There are 4 protein chains.
Amino acid sequence: MAGSTFGKKFKIMTWGESHGKALGVVIDGCPAGLELSEEDIQKYLDLRKPGQNKYSTPRSEDDKVEILSGVFEGKTTGTPISLIVYNKSQRSSDYSEIASYYRPGHADYTFDVKYGFRDYRGGGRSSGRETIGRVAAGAIAIKLLEIFGVKFTTYAKSIGPYEIDMDKFDENNINNDVLRMPDKETSEKAQAYLDKVRADQDSVGGVIECKIDGVYPGLGDPVFDKLDARLSYAIMSIGAIKGIEFGEGFNVANMLGSENNDEFYMNKEVSKFTFDLIKDVSKKTNHSGGVLGGMSDGSQIVFRAAVKPTPSIATPQRTINKNGEDITVSIKGRHDPIIVPRAVVVVEAMAALTILDAMLENMGTTILKP
Amino acid sequence: MAGSTFGKKFKIMTWGESHGKALGVVIDGCPAGLELSEEDIQKYLDLRKPGQNKYSTPRSEDDKVEILSGVFEGKTTGTPISLIVYNKSQRSSDYSEIASYYRPGHADYTFDVKYGFRDYRGGGRSSGRETIGRVAAGAIAIKLLEIFGVKFTTYAKSIGPYEIDMDKFDENNINNDVLRMPDKETSEKAQAYLDKVRADQDSVGGVIECKIDGVYPGLGDPVFDKLDARLSYAIMSIGAIKGIEFGEGFNVANMLGSENNDEFYMNKEVSKFTFDLIKDVSKKTNHSGGVLGGMSDGSQIVFRAAVKPTPSIATPQRTINKNGEDITVSIKGRHDPIIVPRAVVVVEAMAALTILDAMLENMGTTILKP
Amino acid sequence: MAGSTFGKKFKIMTWGESHGKALGVVIDGCPAGLELSEEDIQKYLDLRKPGQNKYSTPRSEDDKVEILSGVFEGKTTGTPISLIVYNKSQRSSDYSEIASYYRPGHADYTFDVKYGFRDYRGGGRSSGRETIGRVAAGAIAIKLLEIFGVKFTTYAKSIGPYEIDMDKFDENNINNDVLRMPDKETSEKAQAYLDKVRADQDSVGGVIECKIDGVYPGLGDPVFDKLDARLSYAIMSIGAIKGIEFGEGFNVANMLGSENNDEFYMNKEVSKFTFDLIKDVSKKTNHSGGVLGGMSDGSQIVFRAAVKPTPSIATPQRTINKNGEDITVSIKGRHDPIIVPRAVVVVEAMAALTILDAMLENMGTTILKP
Amino acid sequence: MAGSTFGKKFKIMTWGESHGKALGVVIDGCPAGLELSEEDIQKYLDLRKPGQNKYSTPRSEDDKVEILSGVFEGKTTGTPISLIVYNKSQRSSDYSEIASYYRPGHADYTFDVKYGFRDYRGGGRSSGRETIGRVAAGAIAIKLLEIFGVKFTTYAKSIGPYEIDMDKFDENNINNDVLRMPDKETSEKAQAYLDKVRADQDSVGGVIECKIDGVYPGLGDPVFDKLDARLSYAIMSIGAIKGIEFGEGFNVANMLGSENNDEFYMNKEVSKFTFDLIKDVSKKTNHSGGVLGGMSDGSQIVFRAAVKPTPSIATPQRTINKNGEDITVSIKGRHDPIIVPRAVVVVEAMAALTILDAMLENMGTTILKP
């Protein structure tokens with residue numbers, strides 16, 4: 001039942017509905033001593049906030065975060081950090097109609113079955129606004145991981161049929177790009193495509209890719225709490241994600257072992273007296289996506305997640321209402337024609353929460369030196 | 001650290017190494033009153049045991065399971081069920097060489113980094129024999145779910161380039177087929193392909209598909225413990241799995257909302273006085289794969305998992321040894337040229353453990369009638 | 001690390017410091033459909049709020065609770081319930097001195113050792129104000145348990161040397177009594193005693209007793225999650241509690257088996273055809289305190305908790321400061337001379353959270369009828 | 001439901017019934033690299049095994065432990081450690097009668113209510129033999145804690161009316177004493193008393209005291225996972241324990257703040273440049289029992305647990321049978337007249353499991369130096 005709790009050591013509990021008073025998260029288990037300000041969190045919330053451009057919902061929200069506890073004299077104290085974002089623009093009238101029927105592709109029906117009724121205003125708890133808590137907590141995880149040299153690069157890899165050209169990869173373009181693509185040219189094509197889709201009152205999906213550098217090898221706990229298993233759990237828990245794959249991913253199904261295995265080699269002169277298991281070992285390729293046997297292998301962690309098209313579309317659709325009548329509906333309101341760009345930072349946040357938790361879980365694993 | 005524990009209510013702890021005395025699992029939280037015999041478990045272990053045919057390792061193991069606790073007068077008592085399988089064929093000599101180097105595609109290196117040393121005999125804890133505990137526990141979950149009308153159909157969907165033809169789908173062929181394919185014709189082609197791959201001292205991957213019928217709608221707990229998120233965690237925790245997708249999966253990236261949304265309809269005459277939210281509602285399509293908003297939607301749950309080629313191959317590969325020297329190795333021993341067929345029952349077991357846990361977690365979610 | 005999380009199914013996370021902006025709690029896993037208003041929670045917070053009388057700190061706080069999420073149209077939705085209480089009276093100047101030294105009997109020293117520094121304002125997270133979150137969440141648990149017929153009676157059993165006379169037990173006196181004693185006469189004697197203790201700039205301890213009626217037999221999960229074990233964990237987690245005992249408690253150490261065992265008997269005519277295991281069975285005595293083998297036995301659950309004297313006293317005490325100097329201090333400020341009366345509702349809240357969680361955990365334990 | 005699992009990082013799952021094939025425990029999360037042999041575990045099991053003397057059940061069991069996994073080349077590997085003890089002396093005939101009725105003071109009734117039926121042979125899972133798993137796992141925890149300088153001293157403080165004289169405390173007497181008392185004289189008096197109690201076909205209770213030295217300050221996680229709260233949970237989960245108290249315990253109820261507070265002092269010359277928060281700080285007294293604000297304070301941890309008299313007595317008692325008839329019973333069989341001596345090592349084991357878990361949980365709590 002208690003499904004809004006995530007993490008074992010860096011544990012978070014998110015709360016809030018689309019049209020409630022506020023949304024937020026409590027983080028229980030953040031190490032003490034981290035310098036933390038509201039600005040550290042705000043910059044990530046700004047990447048997901050609505051109304052940034054024509055490809056996101058025009059709902060007007062500042063999404064200003066406030067730290068209510070757990071920080072003293074500019075540093076985390078080790079006690080729970082409570083973060084809150086007040087809702088400003090709850091135009092419930094926009095949504096009152098949807099109380100009466102089940103939107104295709106949405107959780108209206110499953111919420112009613114599970115709980116007996118639902119907060120239908122703007123999707124309630126199933127709204128994308130739920131991710132505010134994820135991103136706010138993730139911002140802290142990212143800041144803490146930076147201290148240990150971990151760096152995330154997350155972006156839209158494809159939107160509809162348009163996939164980025166890796167040769168034109170420009171990391172700096174990501175956060176400047178309305179579609180969060182690292183390839184400006186592809187982004188422009190995708191934007192033109194999106195304009196057409198929007199005009200057709202439709203929506204489209206895409207793929208988000210996340211690359212994580214600097215992860216110490218050995219994170220992840222066999223046999224169930226493998227790092228890729230926990231990342232999959234984290235990413236698949238984001239609404240609209242329908243698949244995840246690591247490294248070669250689904251390509252492995254038609255690869256040979258001799259193609260897919262990554263060979264190890266010594267990446268420097270071995271020191272005269274000791275062989276440093278971490279510094280001296282490298283892989284020639286990274287088909288594995290940075291995970292071997294469920295543990296980080298010291299190379300870049302790479303995964304991709306498939307994002308479905310926004311289910312809210314104005315195109316007429318058949319469905320049923322709460323009286324059990326077959327009806328036709330056209331979902332009006334303030335909807336994104338594409339979820340991918342705003343979901344990029346959510347994916348990064350969930351990845352960071354997972355990596356940090358695995359790092360904290362890993363402490364005390366051995367009394368031997370690796 | 002404690003990564004060998006799975007589940008919240010139907011909680012399992014697996015243990016054992018490839019060449020240790022035994023392997024097993026303890027199940028804590030199995031409901032009392034289930035009729036259970038060793039045969040109920042054995043039939044699933046037999047589907048994964050080695051030496052079944054030329055496509056699985058010739059290691060000779062009976063894998064006979066023994067129930068040590070938790071069952072009295074033929075029924076589960078509600079207390080922990082301890083299951084044990086003794087190892088018979090520990091030919092450690094086969095594996096002694098691998099103590100000295102890191103096999104490409106294996107967890108040798110990551111185990112050494114994480115724990116400081118490793119049980120190198122047959123891969124120790126990272127061996128596929130680890131899945132004995134999963135399958136034994138899963139067998140009990142499957143039996144319990146049967147009572148509630150839940151049915152699993154799991155099979156090899158593709159091996160290398162050979163994918164089954166859905167028009168020739170024959171469920172009865174699955175367990176009779178050496179490759180666990182429901183399409184005899186494709187299986188024969190895949191077998192011919194595998195013979196060639198084996199002759200080349202190589203290995204190949206594939207895709208496993210799992211379909212789950214009869215799942216009550218509303219299972220899964222937003223926002224993190226979504227049913228698809230937990231299934232992803234469970235399946236991705238199986239060694240060699242590199243990706244998972246639900247329903248349309250990665251296809252959604254290039255689908256329109258109007259294509260991907262599943263329309264609802266009334267699947268029968270509504271009764272005069274009441275509208276039964278569960279019996280009367282259906283979806284015209286199932287692009288979602290049976291999950292909406294992270295909860296089962298009453299239709300068939302469908303997911304696919306990508307399985308990498310067996311990393312143990314006799315083809316010479318470059319790697320390093322524990323002295324930090326670059327070397328060439330050829331992995332000899334008793335290895336499967338393809339993991340897929342024996343992993344089918346493992347996927348089914350993990351899916352069952354997850355569905356059962358979600359069902360037990362769901363109890364008490366509401367004091368209202370759905 | 002994540003020590004501010006409690007419960008398995010009815011899971012709560014509390015947050016906030018004595019002199020921070022606010023304190024609160026998020027409840028994840030509350031069943032949907034419970035009618036809930038702020039008033040339901042406020043009445044319990046009022047029982048613990050400061051400034052009620054001369055035996056509690058004169059700090060002036062309304063402690064008004066606000067529901068931020070999880071309730072829609074007057075009913076819980078099954079999603080997280082976020083509750084907040086803003087601090088009004090943070091006179092940090094009162095406490096600034098204590099930043100420099102370690103108060104005897106307080107957590108100042110242990111916080112510094114554990115976290116590297118501390119929020120010293122009013123004790124920060126170790127302040128009794130932390131219990132606001134417990135009481136707010138407990139109020140919801142109590143309301144839900146009422147539906148199932150569970151009733152709590154909690155009170156001060158003794159204060160200093162004054163113990164209530166069970167023959168003069170008057171339940172109605174409890175919440176009207178400044179000391180929360182059910183025996184007016186003893187309360188008056190204790191008040192006179194407290195006046196003297198206060199005049200001496202000292203403090204005193206006491207014993208809280210909690211009786212729980214209407215608990216269904218069979219709650220609690222052998223062997224570790226016994227109901228009394230979980231209640232002990234819950235109650236001992238309240239600051240200032242130094243001991244807990246059930247039924248005869250420490251008396252059992254010098255009792256004979258023939259004295260301590262509770263004999264069973266049939267408490268009514270057995271129906272002609274069936275013997276109702278729950279309705280028909282009673283115990284002649286209740287030395288066990290309502291728990292047998294770690295499970296509720298259908299009789300009243302009874303436990304007592306020992307509360308230490310308030311450590312903040314104006315009496316001069318020796319201690320050390322942060323420079324490592326031996327000093328003498330006299331703790332000024334707004335302190336309760338006795339913790340017991342305000343802790344009564346905290347004990348009740350924690351007991352309710354535990355019983356409710358055990359009840360939810362118990363669902364699905366058996367597929368047989370008891 | 002899953003009540004046989006204990007610990008967060010050093011997680012254990014125990015299993016087995018009194019008259020089943022075997023009992024055991026799996027430890028998931030033991031740090032790698034600990035030297036471990038069966039003998040390390042056996043010496044603790046020998047302290048609890050039956051038939052040691054006339055004060056314990058004459059049931060004849062060797063209780064020989066076997067390590068089945070998780071240890072390689074004499075060291076723990078970081079993977080689950082499975083330990084098994086086979087039952088030898090299952091004289092089920094002794095117990096067959098009790099299938100039909102509910103023994104006073106036992107869990108027969110509550111098991112039937114909870115699970116619908118029970119394994120009645122020797123009490124099944126509610127038998128004291130259940131503690132084999134606790135002691136076996138605890139032995140590993142004790143060994144690991146020794147490396148960090150933690151030492152346990154656990155003993156019978158009182159049996160019936162006989163309490164040890166602290167002036168005659170002789171630690172070496174504990175394990176040589178049939179009653180596990182550190183005071184030979186009091187033990188002899190208690191033995192004479194027990195002989196009389198046994199002749200009367202009765203049983204008696206007592207108090208176990210546990211002292212833990214060398215615990216690093218700062219262990220335990222406010223606000224719920226306080227060290228004393230977690231120890232209480234662990235100890236109260238042992239069958240027959242009815243109360244627990246720390247330091248002054250229930251005495252605090254009638255102490256003044258000025259009596260109960262422990263003053264801090266500098267226990268050595270402060271070094272010229274730095275003040276070592278851990279080495280330099282001491283308390284003049286230890287009324288707190290080594291815990292302040294729920295965290296270890298660097299002084300000795302002291303707690304006492306009240307043990308009820310063995311419920312199995314031959315003295316005739318009234319009860320009911322499964323047909324709902326009032327009957328008189330006399331419990332025959334192989335029972336201890338006193339639980340205390342054999343429970344001493346169980347208390348120590350549970351304390352060690354808790355301290356070790358708190359130590360592992362504490363890692364990563366701060367990025368600041370204490």
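In the predicted model, A:Asn362 is part of helix H7 (residues 340-362) of chain A; helices (H or I, at least four residues) and strands (E, at least two) are DSSP runs, numbered from the N terminus. A:Asn362 is buried, its relative accessible area being 14%, where buried means under 20% relative accessible area, exposed over 50% and partly exposed in between (1.4 Å probe, protein chains only). Not counting residues up to four places away in sequence, A:Asn362 touches A:Gly218, A:Leu219 and, from chain B, B:Lys114. Contact here means heavy atoms within 4.5 Å.

The model is predicted, so that local features need pLDDT of at least 70 and side-chain atom pairs count only at pLDDT 80 or more, while totals for chains, interfaces and linings use all residues. Residues are numbered from 1 along each chain as its sequence is written, chains are lettered from A and ligands numbered from 1 in the order in which they are written, and side-chain values use heavy atoms, with hydrogens and water left out.

Chain B is superposed on chain A by a rotation of 180° with 0.0 Å of shift along its axis, at an RMSD of 0.0 Å. The two copies are therefore related as by a two-fold rotation axis. The superposition is by least squares on the C-alpha atoms of residues with pLDDT of at least 70 in both copies. Within chain B, the C-alpha nearest the axis belongs to B:Tyr233, 2.3 Å from it. The same surface serves both copies, as 100% of the contact residues of chain B recur in chain A.

Chain B also meets chain D, with 48 residues of chain B in contact with 49 residues of chain D. About 3800 Å² is buried between these chains, and carbon and sulfur atoms give 67% of this area. Buried area is the accessible area (1.4 Å probe) that two parts lose on being put together, summed over both. On the chain B side, B:Met1, B:Phe72 and B:Phe117 lose the most area to chain D, together 19% of what that side buries.

Across the interface of chain B and chain D there are 2 salt bridges, a salt bridge being a side-chain nitrogen of Lys or Arg within 4 Å of a carboxyl oxygen of Asp or Glu. A salt bridge joins the side chains of D:Lys21 and B:Glu66, at 3.1 Å from N to O. The elements that give two or more residues to the side of chain B that touches chain D include strand E2 (11-16), strand E3 (22-28) and helix H2 (108-115) of chain B. E2(B) provides the largest share of this side, 6 residues. By class, the side of chain B that touches chain D has 20 nonpolar, 14 polar and 14 charged residues. Ala, Val, Leu, Ile, Met, Phe, Trp, Tyr, Cys and Pro count as nonpolar, Asp, Glu, Lys and Arg as charged, and the others, Gly among them, as polar.

In chain C, C:Leu45 is placed in helix H1 (residues 38-48) and is buried, with a relative accessible area of 1%. Leaving aside neighbours within four places in sequence, C:Leu45 is in contact with C:Asp63, C:Val65, C:Val85, C:Ile132, C:Val135 and C:Ala136. Buried residues of H1(C) include C:Ile41, C:Tyr44 and C:Leu45. The buried residues of this helix pack against strand E4 (65-67), strand E7 (81-86), helix H3 (131-147) and helix H7 (340-362) of chain C.
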